[in-house]
Amino acid sequence: MGKLWVIFVASISIILPFLCNSFSPETPTDRRVLVLLDDFAIKSSHSLYFNSLKSRGFDLDFKLADDPKIALQRYGQYLYDALILFCPSIERFGGSIDLAAIINFVDSGHDLIIAADANASDLIREVATECGVEFDEDPSAMVIDHTSYAVSATEGDHTLIAGDDFIKSDVILGSKKIDAPVLFQGIGHSLNPSNSLVLKVLSASPAAYSANPKSKLSTPPSLTGSAISFVSIVQARNNARILITGSLSMFSNRFFRSHVQKAGSPTKHEKSGNEQFLTELSKWVFHERGHLKAVNVKHHKVGETDEPALYRINDDLEYSVEIYEWSGTSWEPYVADDVQVQFYMMSPYVLKTLLNNKKGLYSISFKVPDVYGVFQFKVEYQKLGYTSLSLSKQIPVRPYRHNEYERFIPTAYPYYGAAFSMMAGFFIFSFVHLYSK
Amino acid sequence: MSSMISSDLLKPFKLKTKQQELLIRVSILCLVYILAFITRLFSVLRYESMIHEFDPYFNYRTTLYLTQNGFYDFWNWFDSESWYPLGRIIGGTLYPGLMVTAALIYRLLHFLRFAVHIREVCVLTAPFFASNTTLVAYFFGKEIWDSGAGLVAAILIAVCPGYISRSVAGSYDNEGVAIFALLFTFYLFVKAVNTGSLAWGLASAFGYFYMVSAWGGYVFIINLIPLYVLVLLITGRYSMRLYVAYNCMYILGMLLAMQIRFVGFQHVQSGEHMAAMGVFFLMQVFYFLDWVKHMLSDTKLFQAFLKITVTFAVAVGAVALGVGMVSGYISPWTGRFYSLLDPTYAKDHIPIIASVSEHQPTAWSSFMFDFHILLFLFPAGLYFCFKRLSDATIFIVMYGLTSLYFAGVMVRLILVATPAVCLISAIAVSATVKNLTVLLRSKNKVVQTGSTKGTSSGKASSKASLDQSQPFQKNGAMALLFGAFYLLSKYATHCTWVTSEAYSSPSIVLAARGAHGNRVIFDDYREAYFWLRQNTPPDAKVMSWWDYGYQITAMGNRTVIVDNNTWNNTHIATVGRAMSSYEDEAYEIMRSLDVDYVLVVFGGVTGYSSDDINKFLWMVRIGGGVFPVIREPDYLVNGEYRVDKGAAPKMLNCLMYKLSYYRFGELVTEYGRPPGYDRARGVEIGNKDIKLEHLEEAFTTSNWIVRIYKVKPPNNRW
């Protein structure tokens, strides 16, 4: 019964078909990762990043992006859990991969990391556009920042930027604070305002702008200030996670090892923040962190244990759900004080914060409102960095049956008395009237 | 020789004239009873034993529930499958008479060991009650005129198309039993007035109770009877009989009617029922005055007393009514009631009432169609009624005139007028034929009596003149009799033809004539509903225009947003708004209502004209009535409703248009026409390149009549 229930809960959130195809719901962390490269030199020049992934148990499969044998799926089964596109200049993928294949890959719940660069190809730009971000249309443009550039030996053109405007989320960036700025050199992007799922993780300073560093600025740059994002993430509705950045060199060993000093700042960091930032981010993207699951959704009347087929208005009921968080290796109880349940019929009639017992069990009891109809228990839990929980369970609420009302109301006793005395009086009157004389 | 023997043998069986007449009468009644039943079976023979139309499917579904779960569950049934997410308290919002009747018949048959299915019972309930109505018509006719008129009334009503239209086999609707109940109540009341018997009054109260339990048309009774009483009071026909009949019927009928949950306290709280109560109190005042008059010998004193009492009573009544209205205890008249008194009311104020085709004002042709010669016999009958005025004939005249007015206001109320028209026409036929036959047969007698007796000279001379004109008169009478016979047989032919051609279509299965005169059956509705039943999740919610709600829940067994019980105008308007919005706006509405599937009915391929595109303006009107963002002129071009290239841009891109014509531009419907030629409207559609963003086609029936679309989940990455 419990197992059936789990399946049911999953099915009512729309994401089930996607979930099944990707990671198993039991262990959400990705395992098999396909890495597409422009050329194999990147494999060695970015080896620190790859090694950190490997050391965490990922099975990386390096392929050239134009390799004619590459494929994401075979016989309808996906061969990989995640895809890393380190191939900013690819015009056309080899094999059966194309834009639609990558989008389908994401839409079936798989994760994606895209690193573009200046001169990024149209294909990579299209993939990014599908994910809700738009790279600067000028192919030779780079992000330039004359105030928060990274100090280096040569004055340079200020395209090497020390970014430290991080998103404030321990779930996405890890609990350890990133002290050193992150080096960024590449193309900037902006978020599509109509997309509500995309977030800036590392954004540019207000003084940044996107232009060709080699030529004189003739027209005002189209992307300026903190509208520019260096690194963005998307968590799709099916909880597939996407990382998009305009700089491939961010991931390189050179940037990982480089010391960094932000312009105007006296502190000089021995090591840039890139390694910590990108490693922590990859943990989030590959579902090592921030993945929740809800099981054992139960509701019943107070004092009973069985789930009824429907409630009556003004019933007292108890609702409970267990929420666990994936720690990378096991499911740990999720502890939060902001999980809310709605008793919903077109609008929430009851909105209660669930109480948890620190062991993952969230529960609350409340009274069914004095309104009949088809209600839903809804838990819509969307917290920054966490996978969204969207549970709904339909339950009709019926009015009182005709015999559930009070039979005799004390205040009405005078009326009862009146009615019965009237009947008695009429009877006596008729009797007297008919049989007297 | 043999004839002699046989006559000898038959002698013991030889019946007296009275008995012969009785035998003939009973056998005629039996034949009429059977005829009324079998003439309504065309639909079963043509199609199959199935439930028709829209509302009957709800009645069928509830009857099924009643037989399976028992009365108490039925009474307290909260249906979560309709009006999602509001749900509907079925037990408290229906007239249970029909369902209980059918369930009782079903139980009785099973008790008698006839293992019939409840559907067969439901299909045949209406014809069965139509047969019973003929019996009531006979007794009613007998009560107001004579048994001859009763017989004719029974025959007329047995085949009258106005009644058959709502009582063919399969038309399992409230009206099927309600007309029986209506006529029965009237008959019992007239009987009570004629006899002054408390027992008949009680019986009419129970008849009224049955009527209240069966149909909302009971309001007609509770207003007609007080009106009748008032007329009798004014015309000085007040009698003790009337007092007994009305008081008994009103008080007991009211108390009984309150037992029906849907009616509840309306009898004391709603404006529609106040006339009855006013007349009730007026009766008491009248009785009181009568008594005072009896006690007082001084007429002058009585006149003064009368003045004071009447003024006082009227004032008290007016104040009570005023206070009740102002305090809200007495609810004002409902829109339906207003629209009955003022035919233009619904059009201006309540589009949802005006949108129903059977609520439209009646065309002359449909009077002719439904009544045929009765339309001419009716005035003649009125003449005879006025000639022999009695309490009973006053009643039938009033019933006839008021109901005929209502029939003119709304098509469906022809049904209510039909019994009255039949009865009054029967009086005309019966009286005429009787007079003619008396003329024919009286010749010898008159001569004999004239010759033997010859009492007074004046009389003799008149008899003589009568005798002289007799051959001519006899021929004339013969001719007139033949004429009457011819007309009546024409009536019978017409009725049968109408029944078989017009009123026996189940409307859920459509029939058309093919190019070679063969019958083509379109069974698309059931195809679609069974697809829904088989291929969608059990808790899927289907959005469609409200017409199809009952059918979807009954046949598709899926939850609907709105259905034919149009109790919540806002909810219907929301659906109307979704249908008339652009796709992305409609998508928001559908998401908020948890809609999984959208069902539209489309007649462009088959030329089926009562499809959703033709109903669309009502959706716009009803939607716009609640949500002013929907404006009717946006969908019209120069006040013209069109779907071709010249259509309004909003029309071409609204959800209903898109769903109806999706991929229709690729289809060639008629030889020699461009692709995308809409046969129902006879035009080439204006938008052939329809792309759907948030919906996808899930199922389209073989003749494209029903199209079902699935609502897609929101975009994964946006």
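Here are a few friendly questions and answers about this predicted model.

Me: How many salt bridges are there between chain A and chain B?
Reply: Let's start where the two chains meet: 28 residues of chain A are in contact with 20 residues of chain B. Side chains of opposite charge can pair when their charged atoms come close. One such pair is R717(B) with E130(A), at 3.2 Å from N to O. Between chain A and chain B, the count of salt bridges is 3.

Me: What area do chain A and chain B bury between them?
Reply: The size of an interface is often given as the accessible area lost when the parts come together. Here, 57% of that area is on carbon and sulfur atoms. The area that chain A and chain B bury is about 2300 Å².

Me: Is R398(A) buried or exposed?
Reply: R398(A) meets E404(A) in a salt bridge of 3.2 Å, N to O, and both belong to a network that also includes K301(A), R312(A) and D315(A). For R398(A) the value is 17%, and under 20% means buried, so R398(A) counts as buried.

Me: Which helix of chain A holds V432(A)?
Reply: V432(A) belongs to a nonpolar surface patch, together with F427(A), I428(A), F431(A), L434(A) and Y435(A). With 46% relative accessibility, V432(A) is partly exposed. The helix that holds V432(A) spans residues 413-435 of chain A and is α10.

Technical notes. Residues numbered from 1 in each chain as written. Chains lettered and ligands numbered in written order. Predicted model: local features only at pLDDT ≥ 70, side-chain atom pairs only at ≥ 80, totals over all residues. Heavy atoms only, no water. Patch = residues over 30% accessible without salt bridge, like charges linked within 9 Å, V, L, I, M, F, W, Y side chains within 5 Å. Areas by Shrake-Rupley, 256 points an atom, 1.4 Å probe, with all protein chains shown as cover. Salt bridge = Lys/Arg side-chain N within 4 Å of Asp/Glu carboxyl O. Helix = DSSP H or I, 4+ residues; strand = E, 2+ residues; numbered from the N terminus. Buried < 20%, exposed > 50% of the residue type's maximum accessible area, 1.4 Å probe, protein only. Contact = heavy atoms within 4.5 Å. Buried area = accessible area lost by both parts, 1.4 Å probe.
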